Each structure stands twice: as structure tokens, then as C-alpha cells.
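Let's take a friendly walk through this chain together, one question at a time. Have a look at the model first.

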Amino acid sequence: MNTLTISKRTMIWPNILFFTATTLVALIGAPLYIARFGFHPFTIGMTVFYLFATSMSITVGYHRLFSHVTYKANPILQFLFLFFGAAAYEQSALCWSSQHRTHHLYVDTDQDPYSIKKGFFYAHIGWLLFWSHPEHYENSTDLQKNRLVMHQHKYYHLWAAVSGIVLPMLIGYTFGDLPGAFVFPVCVRLFLVHQTTFCINSICHTIGKATYDIYSTAKDHWLVALITNGEGYHNFHHHFPSDYRNGVRWYQWDPSKWFIAILAKGGLTWDLKKVSVFRILAARLAAENQRAEDCLKNRNIPNLTTIQTRLKSQYEKLKQTLSDWEGSAREYQAVLRERLERHSEKRRQAALKRMEAQRRFRETLNQWKLIYLKLVAG
Ligand SMILES: [Zn+2]
Ligand SMILES: [Zn+2]
């Protein structure tokens, strides 16, 4: 393995001092400040705005746009993501994205900059405090062609200071609450944005549901999704990183996805990449089937081979009915594109075929569930 690509242990003093200072002000300074001076409503409003703008710039901008290119965005929007993303003090978009792409490619290995295999604390914040990481951006040549991204990277400290510290304090000064502006929209906001973002690398690689890939350390965790604008569905994200969504079920909290979709309505974002519902379903079923197979491996029950064979054949049947359903759904879409009149026979037949294929899939799924629950879960 190339030693240049591996992180090295060392004290990163600027980070240690910065994180310590913001944490102390947030946890000790803020309560003392409130007790002594109370709240200035404007400062609270600005803190909420800054929390929203910086955390969204990380999830919608740094992560889903720059790192994974899951959609395309207007240059003004890109500028705003870079501006408020810098305010989050999580490195430049180029550096963040390059490390994140490495994380996806080499997850859980020595080359993963925030590998959970090096411990919960390391993955959460230790990797930023006590480790240096190689800076090379071969995996981000696309971003290196983006002049805005490169300007933010080259003058990152200036961008970060202006957007993250100077601007909120200037606004605070104008409205007569300079100390409050330092405590809340700067320090408390930074503490909250940092700690919530870091939960994805630590908590989401430790606990939660392995919905789509049972061997991945990345897990789906609704609570982390709640505090990170929807980034907590990390098992899905590692399985389908090119999808602009992280929470794909109707009840899953993913405001980053909604934000991108709303901007698309206004023409500010476009080419939103989406994995088909059939691929997602197939991945879920494959994960459950694997779980069932693994579970049976350790069982000491009579007729084990017969059960395994039955489960396998039912799963093959399930895959086939899903594939048939997908095929008929595609045919139906093709017929719709022909713009035939609503009650035409061809359209009616295609719709019936699709409905029948869906019914057969549901029926096979129920039979599979019966075997799964009776023999595996029970
Ligand atoms: Zn991850
Ligand atoms: Zn990612």
C-alpha cells in the first residue's frame, strides 16, 4: 500500500484550539451569557438562519452536489453553498469532497480518512484533531475545473472568516449585540453544525439499520437524519451514492432532498439523479435474503437443507416477479409516451399487464415473508 495515501498521527493544533474554543463558549459561555444578559431576539433569529444556511450548504452543497454530483446547480446557488459551506469551518469544498470520495471508495480501510475501524472517537472528531491526511485531489479533477470551487479552496481561510465570523458579527454589531453575535451565530452554531455532521461518520457507522447492505458499517439511523437534514440514512447512501436522496421512504426525514427538489421547480437545480424504485426494492430484498441465509447457517435444526432450498427457490421466484413487474412498468411508460387517448385499448392493456405483474410480485413477496418469518425470525 502506498504510504503517501495513509493518514499519520500528529497533533493538529489549529483544529484542537478551534474546536476547544467553540465547544467551551457553546457549553459554558452561552449559558452564562443568557443568565447575565438574556436573549436578543434578532441574535436568535440570525443563529437559526446561520444554522440552516451552513448545515444545508454542507449536506445539499458539499455532500450531494460537490462530492457526489447527484444533481446540477445554478452558479449563484453554487456560490451560496461555497460561501455558507466555508462558514461551517469543515475545510474547503474541494478538500471535503476529495476526502469524502476517498471515504466511499476505501470505506473501513486504512485509506478511509474517517474509518470507523479506528474507533468511534477517531471517526467522530479524532481524525481532525490528532491525524494529518494526505492532500491530493486526483479523485476530484471535475471540481478542479470549477473556478468558484478553486477560488474557495485557494482563499479558504478568507472565505471562512468572512462568512463564518466577520459577517455575523458585523450584523450583530449593527443591531447592537456584538458579544451575542460572537456567542450564538458564531460559536454555538459552529459547535452544533460540527457535532451533528460528525455523528454521520461515528453514529451512522456504528448503530442503526442495515437496510440495503447488511455487511456495510454504514447504517440508517432516523435520529441522526433528524439532526443532519436527512443524512442519517447512511446505509442507503453508501449503497446508492449517486442518488440525490438519502431518505427514500415517504416517512423518512430528508429536508436536503426536499430543498433540492423545490429548487428544481424554480429551475435552480436540474438533472436530479434517482435510482429506480425497482433497484431499491431489489437491494432491500437481497439484503433480507442474505440476512435469512446467514441466520440459517448458524441454526441446528432438522431439514436445514430443505429449508435453505425452499428459501432460495422462493427468493429466485421473487426476483423474477420483480423483474417482470419492472418490465411491464417500463412498457406502460413507453405506451404513455405515445400520447394515446386516455381510454385507448393499448393503454388499457399495458396498465392491466403492469397491475397484474405487481399483484404477482406482492403475492410472491407474501409467500416469501411467511417462510422468512416462520423459519428465520421465529
Ligand atoms: Zn460513510
Ligand atoms: Zn457520501
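**Helices, strands and domains**

The chain has 15 helices and four strands, both being DSSP runs numbered from the N terminus (helices H or I, at least four residues; strands E, at least two). This is a predicted model, where local features need pLDDT of at least 70 and side-chain atom pairs count only at pLDDT 80 or more, while totals for chains, interfaces and linings use all residues. Residues are numbered from 1 along each chain as its sequence is written, and chains are lettered from A and ligands numbered from 1 in the order in which they are written.

Q: What share of the residues in the chain is buried?
A: A residue is buried if 20 or more other C-beta atoms, placed from the backbone, lie within 10 Å of its own. Of the 378 residues in the chain, the buried share is 37%.

Q: What distance separates the centres of domain 1 and domain 2?
A: The domain assignment, which is automatic or from a database, gives domain 1 as 3-270 and domain 2 as 277-377. Taken over C-alpha atoms, their centres are separated by 38 Å.

Q: How many residues of domain 2 are in contact with domain 1?
A: Contact requires C-beta atoms, placed from the backbone, within 7 Å. Domain 1 contributes seven residues, and domain 2 contributes six.

Q: Is α2 parallel or oblique to α3?
A: Helix α2 (residues 41-67) and helix α3 (residues 75-87) pack with axes 8 Å apart and an angle of about 120 degrees. Axes are lines fitted to C-alpha atoms, for helices over the stretch in contact, and angles run from 0 to 180 degrees between N-to-C directions. Angles under 35 degrees count as roughly parallel, over 145 as roughly antiparallel, 65 to 115 as roughly perpendicular and the rest as oblique. Therefore α2 relative to α3 is oblique.

Q: Which residues of α3 meet α2?
A: On the α2 side are A53, T54, S57, I58, V60, G61, Y62 and L65. Their partners in α3 are F81, F84, G85 and A87.

Q: Is the crossing of α2 and α9 left-handed or right-handed?
A: The axes of α2 and helix α9 (residues 178-202) come within 9 Å and cross at roughly 30 degrees. A crossing is left-handed if the near helix is turned anticlockwise from the far one by less than a right angle, and right-handed if clockwise. For α2 and α9, the crossing is right-handed.

Definitions and conventions
Contact = placed C-beta atoms within 7 Å. Buried ≥ 20, exposed ≤ 12 C-beta atoms within 10 Å, placed from the backbone.
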